[in-house]
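This report describes the architecture, helix packing, nonpolar core and salt bridges of one protein model. The sequence and structure are shown below.

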Amino acid sequence: YAPCSAKLGDGFQVMVALPKNTNTDKVKPSSDTVDTAKELDTVKDSATALQNAAMKLAAVKTGSSSLYEKKTIVDTNEDGSTSTRTDYDYDTLVKSVQSFVSAYNDTLESVGTIEASSVQQKTQWMTQVTKQYTDELAGVGISVDKDGRLALDEKAFREKDMTELRDFFEGTNSALGQLARKASGLAGAAELQATKAASAYTANGNNYPTNAMNSGTLFDSLF
């Protein structure tokens with residue numbers, strides 16, 4: 001708006017509408033907020049699931065709460081009756097390892113198109129741990145393909161001695177313990193960037209907020 005009268009106090013205002021797409025004063029997000037909050041939240045959730053799956057395998061426990069010690073197992077027979085035995089619970093351990101493998105792959109996929117440098121850096125640190133332990137992972141039936149994704153060979157895994165599996169998985173400094181910490185760092189970085197993205201974009205994740213545009217922008221839709 002601008003006064004258009006030579007007499008003080010008698011001015012009137014005119015509206016100036018710029019042609020569509022000629023306004024260049026929109027607030028631009030920083031290089032670390034080009035990703036949508038929804039995408040970053042997906043990374044956070046995937047990395048958190050990975051952290052939990054890795055921690056479950058790395059946890060040092062004793063007795064029946066340990067994944068790596070013998071426990072009483074109830075089997076259901078063909079006739080519907082049940083029997084009990086004391087043995088290692090490979091079924092539960094396999095499920096836990098498969099959950100870890102799936103969570104790891106889901107995390108890599110969620111990061112795929114993310115551009116935030118902090119998220120990419122945390123992901124690189126995580127995959128470096130996997131590369132460092134590629135041979136050891138293969139030794140327990142977990143392969144790493146050319147894209148960094150994991151795959152579990154269940155048959156090979158079940159053939160491993162439980163002591164060998166425990167030595168590899170258990171402990172805060174084990175491969176899984178390290179991956180749990182890297183996944184936690186990745187989740188934190190994604191959460192921070194999601195907060196930045198939410199403040200830069202509207203709720204649908206890909207439009208600028210109205211209050212971030214100048215008066216010319218408000219009239220773009222008229223042209």
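Predicted model: local features only at pLDDT ≥ 70, side-chain atom pairs only at ≥ 80, totals over all residues.

Is aspartate 87 buried, partly exposed or exposed? Aspartate 87 has a relative accessible area of 30% and is therefore partly exposed, since the buried class lies under 20% and the exposed class over 50%.

## Overall architecture

The protein comprises eight helices and four strands. Read from the N terminus, the order of elements is α-β-β-α-α-α-β-β-α-α-α-α.

Of the 223 residues, 37% are classed as buried. When contacts between residues at least 6 apart in sequence are considered, 68% of them link residues at least 24 apart.

## Packing of helix 3 against helix 7

Helix 3, residues 117–132, packs with helix 7, residues 175–200, at an angle of about 170°. The axes of these two helices lie 8 Å apart. Angles over 145 degrees count as roughly antiparallel, and helix 3 and helix 7 are therefore roughly antiparallel to each other.

On the side of helix 3, the contact is made by Ser118, Val119, Lys122, Thr123, Trp125, Met126, Val129, Thr130 and Gln132. Helix 7 contributes Ala175, Gln178, Leu179, Lys182, Gly185, Leu186, Ala189, Ala190 and Gln193. By class, the residues of this contact comprise nine nonpolar, seven polar and two charged.

Glutamine 124 also belongs to helix 3. Its relative accessibility is 45%, so glutamine 124 counts as partly exposed. Between glutamine 124 and lysine 182 the C-alpha to C-alpha distance is 9.4 Å, although 58 residues separate them in sequence.

## The largest nonpolar core

The largest nonpolar core contains 48 residues, and within it Phe100, Val119 and Phe169 touch the most other members. Two or more residues each come from helix 1 (37–58), helix 2 (90–111), helix 3, strand 4 (150–152), helix 6 (162–169) and helix 7. Helix 7 gives the most to this core, with eleven residues.

Which residues does phenylalanine 100 touch, not counting residues up to four places away in sequence? The contacts of phenylalanine 100 are with Leu50, Ala53, Ala54, Leu57, Leu150, Leu176 and Leu179.

## Salt bridges

The model contains eight salt bridges. One of them joins the side chains of arginine 85 and aspartate 87, with an N to O distance of 3.3 Å. Arginine 85 has a relative accessibility of 35% and so counts as partly exposed; aspartate 87, at 30%, is likewise partly exposed. Lysine 146 and aspartate 147 form another salt bridge, in which the closest N and O atoms are 3.5 Å apart. Both of these residues, lysine 146 and aspartate 147, are exposed.

Is glutamate 170 buried or exposed? The relative accessibility of glutamate 170 is 17%, and this residue therefore counts as buried. The side chain of glutamate 170 meets that of arginine 166 in a salt bridge of 3.1 Å, N to O. Through shared partners, salt bridges join Glu69, Arg166 and Glu170 into one network.

Definitions and conventions. Residues numbered from 1 in each chain as written. Heavy atoms only, no water. Axes fitted to C-alpha atoms, helices over the stretch in contact; angles between N-to-C directions. Parallel < 35°, antiparallel > 145°, perpendicular 65-115°, else oblique. Contact = heavy atoms within 4.5 Å. Nonpolar A, V, L, I, M, F, W, Y, C, P; charged D, E, K, R; others polar. Salt bridge = Lys/Arg side-chain N within 4 Å of Asp/Glu carboxyl O. Buried < 20%, exposed > 50% of the residue type's maximum accessible area, 1.4 Å probe, protein only. Core = buried A, V, L, I, M, F, W, Y, C linked by side-chain atoms within 4.5 Å.
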